[in-house]
Amino acid sequence: MTAATSFHHRTTLSDIDIERLVRSENADDRAVATHKICRVMERGRLGDTDRAAAQEIIRMLAQDAAELVRRALAVTLRTSELLPHDVAMKLAQDVVTVSVPLLTFSPIFSDEDLADIIRSGGPVRQIAIAKRETLSEVVTTALADTGVEEAAVIACANDNARFTDGGMNRVMDRFGTSEVLHSVLVNRKTLPVSVSERLINVVSATLREQLIAHHAIKPETAVEIVTAARERATLDMADQAGANFDPQGLARHLMASGRLTPSLILRALARGHMPFFEHALAELSGVPHERTWLMVHDAGSLGLRAIYDRAGLPGRMFQTFRMAVETYHTLQAEAGHLDPIRMQERLIERFLTQVPFAPREDLIYLYERLDRDSRGRRWAKSPEKSANDLLKAA
C-alpha cells in the first residue's frame, strides 16, 4: 500500500483525488489534486504515523516533473510547518515560481539556511527573502554583504528586520548614493547614530527635514554637520540618542572615517561620555576594551598615560585629559545620582574651573554647552557657578 492510499484511509480524501494524484497524466489534474491533498494534510490533526505518511506524500509531490504541481505544493504549504526541511531546501533551488512562495513565507528555513541562500541564490531569491515578515541580524547581514540593492532596500524598509550597526553601515557603503535607500532609512523607526550622521551629509533638503523630525536631530545639528562642524554635531546626536547610543559603534565609525580626533574625544569626555572615551582609546590603541577600561579606571595616572600614549594622542594634551578623567571620577563619587543632563552640566562646569589651559576652541564650545541642554533648551539654573561667571573668570 502506498503512502497516499495509506493516508487516505484516515482522511477525507476521495478516491478521485487519489486517482488524480497517482495515475493522471494531466499536469492540471495532478496540480488540483496536490492542492486539495495538501490542504487536507495541513488542516488535519495528525499523529506521528499520519504525519510521517503525509510527509512521504509531500516528498513524492516535490519530485513531480510538472512545474505546475510543484508550484501547487509550494503555494499551498508556504506557511505550513508540515513541510519537511529537506523538501523545503530542494524547492528553494527550484524554478522561481516554486521557490519564491516558500522563501518569502516558510517557517521551515533557519536563519543560516536563508543566509546561505542569499549568498548563492541570486537576486530573485534575495528579494523574496527580504520580503519576509521578520528578518534576524544573521539574515540582514547576509543581505548587507551580498544582496542586490533592491533586496537591501526592501529589508531596510521593514522595521521588523533587525540590523546590526555594522550591517546597516555596510548597506550605506554599498548603496549610499541611492535616493530610494535614503528615503527608506530616514523613515525607519530607529537608526544608529553613525548612520544618521552619514545620511545628513548625503540626503536632500526634504529628507534632511524628515531625518531631523523622525530621529530627534535638531535642525542646527544638521546644519553644523553639513557646514563641516561635525564634531559638536556628532556629540549632540550622541546626547539625543540617549539609551540607544552605541559608543563602540560610533567610535569604530569615526575611526574608519578618519574623524576620531583628539578634540572630539576631549569634548566627549568633558560631556560625560566616558564609555565613548574608553572605546575611542581602544580603537586608536588596538587594545581590547576590557583592558582599556582597567587602564583608564583602575591603574592610576600611569595606566591612563600608557593607554593614552599607545593611542597616539598628543602629549601636550595629556594633562587636560587626565584632569577630565579625574573630574569625572570625583563627580561620579559625589553626585552619581544626578540625571544625565544635570550630570553633564556639573561635569562641564567643574572641568572648566579646573582646566583653564585646554585648547581655546574647546573651552568656547564647552562654555556654549552650559547655555543649553541636549534638546536645545537653556540649562536650568545651577547652584554652582553660572556660565557668565565662568566666562568672566576665564
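Colleague: How many helices and strands does the protein have?

Modeller: There are 26 helices and 0 strands. Both are DSSP runs numbered from the N terminus: a helix is a run of H or I of at least four residues, and a strand is a run of E of at least two. Please note that this is a predicted model, in which local features need pLDDT of at least 70 and side-chain atom pairs count only at pLDDT 80 or more, while totals for chains, interfaces and linings use all residues. Residues are numbered from 1 along each chain as its sequence is written, and side-chain values use heavy atoms, with hydrogens and water left out.

Colleague: What is the mean pLDDT of the protein?

Modeller: The mean is 78, and 71% of the residues reach 70 or more. The term pLDDT stands for the predictor's confidence in each residue, on a scale from 0 to 100.

Colleague: Where does pLDDT stay under 50?

Modeller: One such stretch is residues 222–229, for which the model has 17 contacts beyond four places in sequence. Another is residues 371–394, with 46 contacts of that kind. A contact here means heavy atoms within 4.5 Å. Where pLDDT is low, the predicted coordinates should not be read in detail.

Colleague: All right. What share of the residues is buried?

Modeller: Of the 394 residues in the protein, 52% are buried. Buried means under 20% relative accessible area, exposed means over 50%, and partly exposed lies in between, with a 1.4 Å probe and protein chains only.

Colleague: And how much accessible surface is there in total?

Modeller: It comes to about 18800 Å², and 50% of that belongs to carbon and sulfur atoms. The areas come from the Shrake-Rupley method with a 1.4 Å probe, and for residues only the protein chains shown count as cover.

Colleague: Let us turn to cysteines. How many disulfides are there?

Modeller: A search of the whole structure finds 0 disulfides, a disulfide being a pair of cysteine sulfur atoms within 2.5 Å. Cys38 counts as buried because its relative accessibility is 0%, and Cys156 is likewise buried, with a relative accessible area of 0%.

Colleague: How many salt bridges, then?

Modeller: The search finds 10 salt bridges. A salt bridge is a side-chain nitrogen of Lys or Arg within 4 Å of a carboxyl oxygen of Asp or Glu. One of them joins the side chains of Arg30 and Asp64, at 2.9 Å from N to O. That pair links distant parts of the chain: Arg30 lies in helix H3 (residues 27–43), and Asp64, 34 residues apart from it, lies in the loop between helix H4 (48–62) and helix H5 (67–76).

Colleague: Are Arg30 and Asp64 buried or exposed?

Modeller: Both are buried.

Colleague: Which residue does Asp116 meet in a salt bridge?

Modeller: Its partner is Arg119, at 2.8 Å from N to O. Both lie in helix H8 (residues 111–120), 3 residues apart, about one turn of the helix. An α-helix has 3.6 residues a turn, so residues three or four places apart point the same way. Asp116 counts as partly exposed because its relative accessibility is 42%, whereas Arg119, at 51%, counts as exposed.

Colleague: Which residues in H8 are buried?

Modeller: Asp113, Leu114, Ala115, Ile117 and Ile118 are buried. Their cover includes helix H6 (85–92), helix H7 (96–105), helix H9 (123–130) and helix H10 (137–146). After H8 comes Gly122, whose phi is positive, near 90°.

Colleague: Now a new topic. Where is Ser194 found?

Modeller: Ser194 is in helix H14 (residues 193–202). Ser194 counts as buried because its relative accessibility is 3%.

Colleague: What is Ser194 in contact with, leaving aside neighbours within four places in sequence?

Modeller: Its contacts are Asn169 and His253. The side chains of Ser194 and Asn169 are joined by a polar contact of 3.0 Å. A polar contact is a pair of N or O atoms within 3.5 Å; within protein, one must be able to donate a hydrogen and the other to accept it, and residues adjacent in sequence count only if both atoms are side-chain atoms.

Colleague: Which residue does Arg198 meet in a salt bridge?

Modeller: Arg198 meets Asp173, with 2.8 Å from N to O. This pair also links distant parts of the chain, since Arg198 is in helix H14 and Asp173 is in helix H12 (residues 165–175), 25 residues apart. With a relative accessible area of 22%, Arg198 is partly exposed.
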